[in-house]
Amino acid sequence: MGALQAQDYQQGLWAIGLRTHGSTLADVERAIATGTIVRTWALRGTLHFVLAQDVGWMMALTSARQVTKDAARLRQLGLHPDDLERSRDLMSKALRRHSRLPRPKLMEILDLAGISTEGQRGYHILWHAAQSGLVCMGPMEGKQHTFVLLDEWVKQPRVLSTSDALCELATRYFLSHGPATANDLAWWAGLTLTEARAAVESAKPSLVQTDLDGVSYYSGPAPTGDAIDTHLLAGFDEYLLGYNDRQAVLDDAHAEKVVPGGNGVFFPTMLRQGRVVGTWKRKLTKASIELRLSPFEPMNDAPDIFAPAALRYTEFLGLKPSDIALDENGLAQVGLHHTE
């Protein structure tokens with residue numbers, strides 16, 4: 001897939017688990033802890049999970065444009081280029097000494113040096129350090145995200161020319177997101193439309209092109225095997241956020257229920273036969289997990305048809321329920337029994 005949305009860490013873990021066979025939460029977190037998967041601001045200046053070896057070439061395509069777009073925000077925050085350079089130097093020295101540090105510790109180092117991290121200043125300092133290729137996120141320490149030096153964390157980065165990187169990114173995108181358009185690729189990756197079109201041209205030998213109503217769509221070969229009718233998708237899932245236009249899978253009438261108030265926070269969604277039909281929530285306690293489904297429209301068969309999807313999620317969490325059944329209110333409670 002190239003990259004997966006990771007604005008919400010826990011939801012991003014499930015997005016990976018949903019697309020792999022038999023993986024658990026522990027498996028995905030182990031891949032992050034060992035540096036196989038990296039979380040950083042890879043595309044559109046937004047947090048994504050990316051294979052470690054792909055971080056460098058991927059960000060090289062998009063970082064400069066994102067940094068330019070952020071210039072006005074830096075002026076609003078009173079962050080001068082000298083502040084960013086000093087911050088990078090301070091963080092580099094601290095991380096060379098300690099290998100990795102949690103975000104609050106890095107903020108403390110900057111504040112003690114006279115670089116205020118109040119409000120959004122700290123976030124933008126870290127964001128710029130990541131865009132420059134200095135840092136990325138490391139393993140979690142309790143509930144705190146840590147940061148590491150990218151050149152120490154990623155030992156064997158792939159190095160691609162700009163043209164090869166554009167081809168690689170387009171190929172990954174259309175094989176995993178197709179059918180989609182050049183406009184969709186431009187939105188997803190934060191490329192200009194000119195760059196996206198060039199990327200499509202170079203990737204065409206690996207893609208299938210379908211023209212419909214004057215629009216060209218690109219995808220990989222048709223999948224084989226039986227389709228799974230229902231899924232419980234993660235919040236911020238690629239199935240929605242991976243496209244410039246989402247009307248093919250989500251009715252405009254229900255968009256407000258997925259992104260309340262248009263605040264940019266995408267709820268986890270219920271997927272049935274390719275379309276978003278509702279949202280869902282979980283409540284995890286020491287003794288049980290509660291899944292609550294909220295279909296957009298009355299759905300009498302929801303308890304039966306979404307039970308397998310609910311089971312897949314509980315198994316991902318490392319639970320082994322003897323049975324799972326959703327009641328007429330779309331609610332399932334499963335006792336916590338961890339797998340061996």
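A search of the whole structure finds 10 aromatic pairs. A pair here means rings of Phe, Tyr or Trp (its six-membered ring) with centres within 6.5 Å; planes under 30 degrees apart count as stacked, over 60 as edge-to-face, and the rest as tilted.

Before I go on, the conditions. This is a predicted model, in which local features need pLDDT of at least 70 and side-chain atom pairs count only at pLDDT 80 or more, while totals for chains, interfaces and linings use all residues. Residues are numbered from 1 along each chain as its sequence is written, and side-chain values use heavy atoms, with hydrogens and water left out.

One of the aromatic pairs is tyrosine 173 with phenylalanine 174, edge-to-face, at 5.0 Å centre to centre and 75 degrees between the planes. Tyrosine 173 also pairs with tryptophan 188: the centres are 4.9 Å apart and the planes are at 35 degrees, so this pair is tilted. Helices, by the way, are DSSP runs of H or I with at least four residues, numbered from the N terminus.

Tyrosine 173 is buried at 0%, phenylalanine 174 is buried at 0%, and tryptophan 188 is buried at 0%.

Staying in α9, which spans residues 162-177, we come to arginine 172. Arginine 172 is buried, with a relative accessible area of 19%. Contact means heavy atoms within 4.5 Å. Leaving aside neighbours within four places in sequence, arginine 172 touches Met1, Gly2, Asp54, Trp57 and Arg158.

Next, an aromatic cluster. Trp14, Trp280, Tyr313 and Phe316 form one. Tyr313 and Phe316 are also among the buried residues of α15, along with Ala307, Ala309, Ala310, Arg312 and Thr314. Just after α15, glycine 318 takes a positive phi of about 90 degrees.

Now a charge over a ring, which requires NZ of Lys or CZ of Arg within 6 Å of the ring centre and within 35 degrees of the ring normal. Arginine 44 lies over the face of tryptophan 187, at 4.6 Å from the ring centre. Lysine 281 lies over the face of phenylalanine 267, at 6.0 Å.

Last, helix packing. Axes are lines fitted to C-alpha atoms, for helices over the stretch in contact, and angles run from 0 to 180 degrees between N-to-C directions. Under 35 degrees counts as roughly parallel, over 145 as roughly antiparallel, 65 to 115 as roughly perpendicular, and the rest as oblique.

Helices α1 (residues 9-18) and α2 (residues 25-33) have axes 9 Å apart and pack at about 110 degrees, which makes them roughly perpendicular. On the α1 side the contact uses Tyr9, Gln10, Leu13, Ile16 and Gly17; on the α2 side, Leu25, Val28, Glu29 and Ile32.

For α3 (residues 55-69) and α7 (residues 121-131), the axes come within 10 Å and cross at roughly 140 degrees, so the two are oblique. Here Met59, Ser63, Gln66 and Val67 of α3 meet Trp127, His128, Ala130 and Gln131 of α7.

Definitions and conventions:
Buried means under 20% relative accessible area, exposed over 50%, partly exposed in between (1.4 Å probe, protein chains only).
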